Amino acid sequence: ARLLDPDDFGLMAAALVVMGLGALLAQLGLGPALIQRPDLEPIHVRTASTLAVTLGLTLGGVVALGAPLIADFFRMPELTPVLRLLAFTFPLAGASSVADALMRRDLRFRTLATIETTSFGVGYVALSVVLALLGFGVWSLVVAHLVQTLIKTTALLVFQPHPKRPVVDSRALKELMTYGGGFTLARLFNYIALRGDYVVAGRWLGAASLGLYSRAYQLLVFPVNLFASALDRVLFPLMALVQEEPDRIRSAYRRGNAAVALVFFPLSAFAIVLAPEIVVVALGSQWLEVIRPFQILAAGMVFRAGYKVSDSLARATGAVYRRAWRQGVYAVVVVAGAWIGQH
């Protein structure tokens with residue numbers, strides 16, 4: 001934040017909106033379907049792996065070819081080469097998505113955390129800072145993202161081997177997609193809710209405003225990801241294991257909500273009061289315009305974190321279609337609010 005300007009972060013934020021949507025479509029809920037399925041057979045794993053690799057290659061090609069059109073939509077010509085380089089992450093992520101899901105199903109969170117921490121440390125903490133110091137601007141973020149994905153993919157394939165011989169079994173595909181289809185629909189609506197505001201800000205307010213807003217949003221989601229997302233990653237596979245035991249499910253749900261409330265009610269108040277100091281320490285004195293939007297976003301921190309527990313419950317019990325319509329309402333409200341707000 002001290003080496004780059006809002007335009008750089010705005011370009012990267014716009015690119016990651018596209019990459020996130022593509023990743024959602026490339027996965028089709030296959031990973032969560034593997035985690036949630038009570039009886040997993042090798043044919044399910046091979047079918048999911050084949051489809052994930054195929055979709056990754058396809059989405060990578062689509063984004064690379066469609067980059068100029070996407071850049072025109074955002075009114076950011078500089079976005080085209082950024083998207084074309086980031087498109088290589090799709091086949092990489094597709095190759096390792098099944099390994100990632102199997103590791104979560106087996107509750108190997110320590111290994112997964114080590115892989116994610118190492119890849120992030122090499123990509124963003126080390127490489128991106130060096131490139132930013134050398135004056136590479138937005139490319140310091142782009143290359144960091146690509147290198148992080150490459151390291152994570154390699155490590156997942158090494159530490160979680162699984163059957164990879166290509167096959168598409170109709171029975172296995174149907175069983176996976178019955179769950180995965182509803183999951184993807186809900187994720188699509190959720191993604192629109194989480195990134196629809198970025199689209200509105202980027203298209204109508206420009207890269208600099210999107211850069212400022214994205215930094216405020218990242219300050220909000222940092223503690224949420226640190227705690228609530230970690231809780232969700234553990235709760236989902238654990239609840240899936242005991243999905244036929246209502247008493248244990250109920251206990252896990254209540255404990256999860258209690259933990260979120262205990263952490264995020266005081267943290268929200270802390271963030272609102274000390275927002276000026278947090279922004280200056282985290283981002284630097286040149287980012288003072290981030291303070292007010294961060295304070296407004298921080299007022300909803302407990303709700304932003306709390307719905308993840310309910311989300312874990314819905315996915316673990318297979319209620320993915322009921323989850324989808326709720327996420328659809330969420331998406332409409334966020335995009336409509338952002339569109340009104342940009343005026």
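Let's start with Thr149: leaving aside neighbours within four places in sequence, Thr149 is in contact with Thr89, Leu92 and Ala93, where contact means heavy atoms within 4.5 Å. Before I go on, this is a predicted model, with local features needing pLDDT of at least 70, side-chain atom pairs counting only at pLDDT 80 or more, and totals for chains, interfaces and linings using all residues. Residues are numbered from 1 along each chain as its sequence is written, and side-chain values use heavy atoms, with hydrogens and water left out.

Thr149 sits in helix α7, residues 139-159; helices here are DSSP runs of H or I, at least four residues, numbered from the N terminus. Buried or exposed, then, is Thr149? Thr149 is buried, at a relative accessible area of 14% (buried is under 20%, exposed over 50%, partly exposed in between, with a 1.4 Å probe and protein chains only). A polar atom of the Thr149 side chain lies 2.9 Å from the backbone oxygen of His145.

Now for a helix pair. Helix α1 (residues 6-27) and helix α4 (residues 79-86) pack at about 45°, their axes 10 Å apart; axes are lines fitted to C-alpha atoms over the stretch in contact, and angles run from 0 to 180 degrees between N-to-C directions. On the α1 side we have Leu11, Met12, Ala14, Ala15, Val18 and Met19, meeting Leu79, Val82, Leu83 and Leu86 of α4.

Finally, Val332, in helix α14, residues 320-341. Val332 counts as exposed, at 58% relative accessibility. Between Val332 and Leu86 there are 28 Å in space, C-alpha to C-alpha, and 246 residues in sequence. Thanks, everyone!

Key. Helix = DSSP H or I, 4+ residues; strand = E, 2+ residues; numbered from the N terminus. Polar contact = N/O pair within 3.5 Å; in protein donor to acceptor, adjacent residues only side chain to side chain.
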